[in-house]
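Biologist: I am new to this structure and would be grateful for a close look at a single part of it. Please describe how the two chains meet.

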Amino acid sequence: MNAYTTSHRSKKEDRIMLALLRLSAFLAVAILVFIVGYIMVQGFPVLNLGFLLSSPTKMGREGGILPSIVGTVVLTLLSAAIATPLGVGTAIFLTEYTREGTFSKVIRFGTESLAGIPSIIFGLFGFLFFVIRLNMGWSILSGALTLASMILPTVVRTSEEAIRTVPDVYREISFALGGSRWQTVTSVVLPSALPGIVTGIILAIGRAVGETAAVIFTAGSSLRLPQSIFDPVRTLPVHFYILAREGISIENAYGTAAVLMIAVLLVNVSAYLIINRVAARRLERR
Amino acid sequence: MRNKEKLVEILLTLIGLSSVTVLGLIILFIFKEGLPAFAQVGLWQFVTGTRWSPGKNLLGILPMIAGSFVVTAGALVVGLPLGLGCAIYLSEFATAKTAAILKPTIELLAGIPSVVFGFIGLTLMVPFIRNFFGGPGFSVLASALVLGIMILPTMVSVSYDALRAVPPVYREGMLALGSTDWQAVKMVVLPAARPGILAAAILAMGRAIGETMAVIMVAGNSTIIPTSFLDPVRTLTSNIALEMGYATGLHRQALFATGVVLFVIISILNLTARVVVRGKTR
């Protein structure tokens, strides 16, 4: 075989492959930009204060989306407030209070399995357990508890990762100064892991905001402005889904989608900024 | 002081069990509600029956099982090469600066709500397919395209991590032997990262099978086993979400039983992914 032609051919293969790889990265980004841009452009004309601050009339054909905005914010924050102590607590337990063994394996197995369960199954479970068995009915509370179960694995995983990056020396110094285990956790470990933990919670919130399947069977689809967490509510993605699928109002569907996208982008970008700032600070320290 | 420490430890142990508890409750409640349908219809009859018409008490979910698998296979055909291509580019060819911008951008796809993907599919892809390929537009093809895009972030970030975990020495050794960049990737990096890439594909598969709202909006949802890419299709997840609102009695139990089947499929996939990943670390 002629060495020259082989290398010539393989260089050509290199060029073709690199072009294909570039193309796939370009496509992925182009799809994202297109989706965001399309929703924004279509939804923007509908967006005004009246749309944001008024209640819907005629099943959402006219009027605004205030109840859905309020419902989404309250439901999402409540689910984060429930999932945070459980998730961060689990992470603290796994990293600071137990060695790798059967027990920690069981917890890991539970967390990983939970992470793989589709949201519709969470919806079914939330409906059977919170709505019916615990008699909470279709309510913000039922929805928030269901979403909290769903985002729990995300909070556990990101908190554990954040806590593991805290250098052992920190703990050793605290112990040497006479600090107890819990004191070490609260005054040394958690403060230095905080940015990572917060990022994880924000990412979990980002997931919860856009969730539909788990919420539609647990929080209901009421168009009324909720007065308490025991009231049913129609979140933004559910409202959007109903408007779009039943063809009630395509303009208002676009407007709702635009608000939803803005919320999701804000949440994700702020998580990204926190990660970046922490990474930059870590580099400086070196 | 000591008592407080002990109390905290007990409390944290209990909190640590929260995810296992939730998992247990999910299994308990879904199975308890779904099993009576298996008993009444017959397990074999339920999963191999080809007709679903709850009004006539015909409860066979084979069309939905087939639908879920066909749509997922299609999603992998779209998402796997595209996602792996992105991961290889980001990990092996892009400069650090480019990768630092591109990777979070692609991962942002994971944050877009599934109803938005479904809506884009509904307003743009479905009419496009109807006009250019024929059929109703609501189809296996539309579902596969939407799902293929939705699994991209999983595919990219998991296989990116697998590629990054390959020691640089491997590449350097190949390059020193006179290989080109792509040859080093093809002959050394990809084989070394194979378990991780496989795990990425399995996880992506799990995401595609479990996706509900996006598929409902573009699949057409008829309960027939599809014979062409342009046929409408109904998945297990859609079956639950579409009829849950009004189902009662045996019909409702059959929907929970559909959930049980979905749960079992997903569990098998996740366990496989775990075994594959463990094989890598050994």
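Modeller: What follows is an account of the interface between chain B and chain A. The model is a predicted one, and the values below are computed from it.

In this interface, 72 residues of chain B are in contact with 70 residues of chain A. Between them the two chains bury about 6,500 Å², and 81% of that area lies on carbon and sulfur atoms. On the side of chain B, the residues that lose the most area to chain A are F29(B), F119(B) and W182(B), which together make up 10% of what that side buries.

Polar and charged interactions are also present. The rule finds 12 residue pairs in polar contact across the interface, both residues being at pLDDT 80 or more. It also finds two salt bridges between the chains. A salt bridge joins the side chains of K186(B) and E13(A), at 3.0 Å from N to O.

Helix α2 of chain B, residues 18–41, gives the most to the side of chain B that touches chain A, with 11 residues. That side as a whole divides into 47 nonpolar, 16 polar and nine charged residues.

Helix α2(B) meets helix α5 of chain A, residues 119–133; their axes come within 9 Å and cross at roughly 85°. The two helices, α5(A) and α2(B), are therefore roughly perpendicular to each other. Among the residues of α5(A) in this contact are F122(A), F125(A) and R133(A), while those of α2(B) include F29(B), K32(B) and E33(B). By class, the contact of α5(A) with α2(B) comprises 11 nonpolar, no polar and three charged residues.

Technical notes. Residues numbered from 1 in each chain as written. Chains lettered and ligands numbered in written order. Heavy atoms only, no water. Contact = heavy atoms within 4.5 Å. Buried area = accessible area lost by both parts, 1.4 Å probe. Salt bridge = Lys/Arg side-chain N within 4 Å of Asp/Glu carboxyl O. Polar contact = N/O pair within 3.5 Å; in protein donor to acceptor, adjacent residues only side chain to side chain. Helix = DSSP H or I, 4+ residues; strand = E, 2+ residues; numbered from the N terminus. Nonpolar A, V, L, I, M, F, W, Y, C, P; charged D, E, K, R; others polar. Axes fitted to C-alpha atoms, helices over the stretch in contact; angles between N-to-C directions. Parallel < 35°, antiparallel > 145°, perpendicular 65-115°, else oblique.
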